[in-house]
Amino acid sequence: MKSVVIKQPQELVIEERPLPQPAAGEVRLRVQSAGICGSDVHIWRGHNPFAKYPRVIGHEFFGHIDAVGDGVDAARIGERVVGDPVVSCGHCYPCQVGRPNVCTQLQVIGVHRDGGFSDYVTLPARNAHKVPESIADREATMIEPFTIAANICHQMQPGPLDVALIYGAGPMGLTTIQALAGVYGVKTIIVADRLDARLEMARANGATQVINNSAIDLQAELEKQGIRPTLIVDAACHPSILPQAISLASPAARIGIMGFSADPCVISQQAITGKEITIYSSRLNSGRFPMVIDWMAQGKIHPEKLITHQFHYTDVVTALELFEKDQNSCCKVLLTF
Ligand code: NAI
Ligand code: MN
Ligand code: ZN
């Protein structure tokens, strides 16, 4: 089989590898399509602190089961499935309290173990979620990015009274906007980004107001309009955003962060406690695949709105470079296998 392998930082090869055999409790997927994510580029460029090399990248993948290991029902062969990249131990404290995404033994497929940019990938059978026929292949490939939005939304519990502010209209911001609008019934969704093209996508995905915060001071603009956001999601993840979010938030607001920057930022107790602000953080997803499959099957979210390009995996370098360089024309890029 062929696999997209990052041998070491900056060195990508398409390599012939032996067909992997599913271990006990695992299934093997014949991958049909996979989505490119910023973290794939970070592993390629050597900027992901968790990655071990050589590594087959890709954690957003769809295909069908073509083999099963011991203890897995052979009737699953042929099933159309999407893979949850979060592999957890099931015993530790986070696993026991329903937070397998921060398992003490966490293994992310495509980061800590070989991923989905490959003709075949193996994964625990419980990580392979059946996709109903009503969800098309391309849409199914988008389930994983929506689980990130589902995870943060599940924590923050948005509601119709909320005035939402989303920083960043990349895939993470856009999936969150769709969930807020289509699932949680949030009526006011303000989106800030530094690129007009991304703000146009935000509108197409359900934003009710967009603000280019490279051109204007976001906080001053919201104050001028008398807007105090009650639910803020930082899907741009610059360290400067949290202090601003705390400052412009309504009393009793919730703020959700998703970033991995190691750079510090300055926040004060007074600014948080004075308004009794709740700060959530969210990493990957904790068992949110069934929820997102349900949203998609019910037509509450529209994954096609994010997909701008599709390439065959043999063009993976072209695809990654486009994804990396052109945020104006490019949002979600799919690879086919
Ligand atoms: P992206 O790079 O496609 O989108 C980020 C957007 O934020 C861009 O459109 C950019 O113009 C905008 N932006 C940058 N600085 C800004 C600022 N100061 N104010 C407003 N907008 C600003 O990235 P993507 O894929 O949407 O991911 C966003 C972030 O989420 C990344 O930092 C990524 O590491 C993180 N992430 C976190 C996950 C988690 O589970 N916690 C999972 C996936 C991504
Ligand atoms: Mn991703
Ligand atoms: Zn665990």
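The model is predicted, with local features needing pLDDT of at least 70 and side-chain atom pairs counting only at pLDDT 80 or more, while totals for chains, interfaces and linings use all residues. Residues are numbered from 1 along each chain as its sequence is written, chains are lettered from A and ligands numbered from 1 in the order in which they are written, and side-chain values use heavy atoms, with hydrogens and water left out.

**View 1. Backbone atoms beside ligand 1.** A polar backbone atom of Met-258 is 3.0 Å from a nitrogen atom of ligand 1. For Ser-282, a backbone N or O atom lies 2.8 Å from a nitrogen atom of the ligand. A backbone N or O atom of Leu-284 is 2.6 Å from an oxygen atom of ligand 1. Polar contacts are pairs of N or O atoms within 3.5 Å.

**View 2. Manganese ion (ligand 2).** The protein donors (N, O and S atoms within 2.8 Å of the metal, or 3.2 Å for Na, K and Ca) are Cys-37 (SG), His-59 (NE2) and Glu-60 (OE), 2.1 to 2.6 Å from the ion. Their sequence spacing is C-x21-H-E. Cys-37 and His-59 are buried, meaning under 20% relative accessible area (1.4 Å probe, protein chains only).

Notes. Buried < 20%, exposed > 50% of the residue type's maximum accessible area, 1.4 Å probe, protein only. Polar contact = N/O pair within 3.5 Å; in protein donor to acceptor, adjacent residues only side chain to side chain.
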